[in-house]
Amino acid sequence: MKIYIMLLLSCLLHAEGFKSEALISLPGENRNFNLERIYNFNTELDEVFICFDNLNAGIYSIYLKQIEPFSEKNILISSNSDPKTNPSIALIPSDGIRIIWQQQVDEKWQLFLRTFADDTLSSIIQLTNSIEDNTDPLIYDNYLIWINDQYLTFAEVGDSLFNIKKIDGSDCSNPDLNGEALSIIYEQKVD
C-alpha cells in the first residue's frame, strides 16, 4: 500500500510543471481521432501520426498530422461538402500510410482510401459502392473490417477490396483487429 501512495505522490510532484498545448488548432469541430505509432527503419525512430475528421462551415475534411516528431503541418486528405467520418490509418511498409474513411455519397456511406508516402498523396480510391450503416471501419496492415447491414465484413486492401468475407450477421458492433494473430474482436448482441 505504501508503494502505491509514494508512486502517486511522485507522479503528482512531477506533474506540477506540466503544461498543455494545443495539438490541433484548426477552426471548426475536430473529432474521431485515430492514432498510429510507426517504427521507421530508415531513421530508426518512432513516428506517430494522428488522423481525424473536421467539420467547419458545412465543409467536411479528413486530416493527417505527424505528432512525433512534431510537425505543425496538417495534411489535408479529402475535403468537400459530403459528410466524412471515422478515419483509420495503418502503415504499409512498401506503400506508406493508408488512410481509410467513410463518406456519405447519395445518402449511402462509402469507404474511401488514400495513401501518403514521401510527402505525396495518392489519388483517392472509392473502395465500396454502398454501405447501409454509418460504421467505424478499421484498417490494420492490408486488412480492413467494417459493419454493413449488421454483417461484420472483412477484406484485404490493395487498390481495391478483395477476398471479401461476411463474418457474422447477428447485430455486431465495435469491431477491432489484433494484427499479430489476425484475430477479429467484436461485440455481439445476445438475447
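**Close-up 1. Ile139 faces Leu144 across the pairing of S10 and S11.** In this predicted model, Ile139 stands opposite Leu144, a residue of S11. S10 and S11 are joined by three bridges and run in the antiparallel sense.

**Close-up 2. Strand S11 and its pairing with S12.** Strand S11 covers residues 143–148 and is mostly covered, with five of its six residues buried. S11 is joined to S12 by six bridges, and these strands run antiparallel. Leu144 comes back into view here, standing opposite Ala155 in S12. The hairpin of S11 and S12 has two residues between the strands. In this hairpin, Asp149 takes a positive phi near 50°.

**Close-up 3. Strand S12 meets S13.** Strand S12 spans residues 151–157 and is joined to S13 by five bridges. The two strands, S12 and S13, run antiparallel. For a handy landmark, find Thr153, which stands opposite Lys166 in S13.

Close-up 4. Strands of a sheet pair through backbone hydrogen bonds.

**Close-up 5. The largest nonpolar core.** This core has 13 residues, and Leu64, Ile77, Ile89, Ile97 and Ile99 touch the most other members. At least two residues of the core come from each of strand S2 (45–56), strand S3 (59–68), strand S4 (70–80), strand S6 (96–105) and strand S7 (108–117). S6 supplies the largest share, three residues. Apart from this core lies another one, of eleven residues, including Ala90, Ile100, Leu127 and Trp146.

**Close-up 6. Ile77 and the residues it touches.** Which residues does Ile77 touch, not counting those up to four places away in sequence? Ile62, Tyr63, Leu64, Ile99, Trp101, Arg114, Leu121 and Ile124 make up the list. Leu64 and Ile99, like Ile77, are among the residues that touch the most other members of the largest nonpolar core.

Conventions: Residues are numbered from 1 along each chain as its sequence is written. This is a predicted model: local features need pLDDT of at least 70, side-chain atom pairs count only at pLDDT 80 or more; totals for chains, interfaces and linings use all residues. Side-chain values use heavy atoms; hydrogens and water are left out. Two strands pair if DSSP finds at least two bridges between them. Helices (H or I, at least four residues) and strands (E, at least two) are DSSP runs, numbered from the N terminus. A nonpolar core is a set of buried Ala, Val, Leu, Ile, Met, Phe, Trp, Tyr and Cys residues joined through side-chain atoms within 4.5 Å. Buried means under 20% relative accessible area, exposed over 50%, partly exposed in between (1.4 Å probe, protein chains only). Contact means heavy atoms within 4.5 Å.
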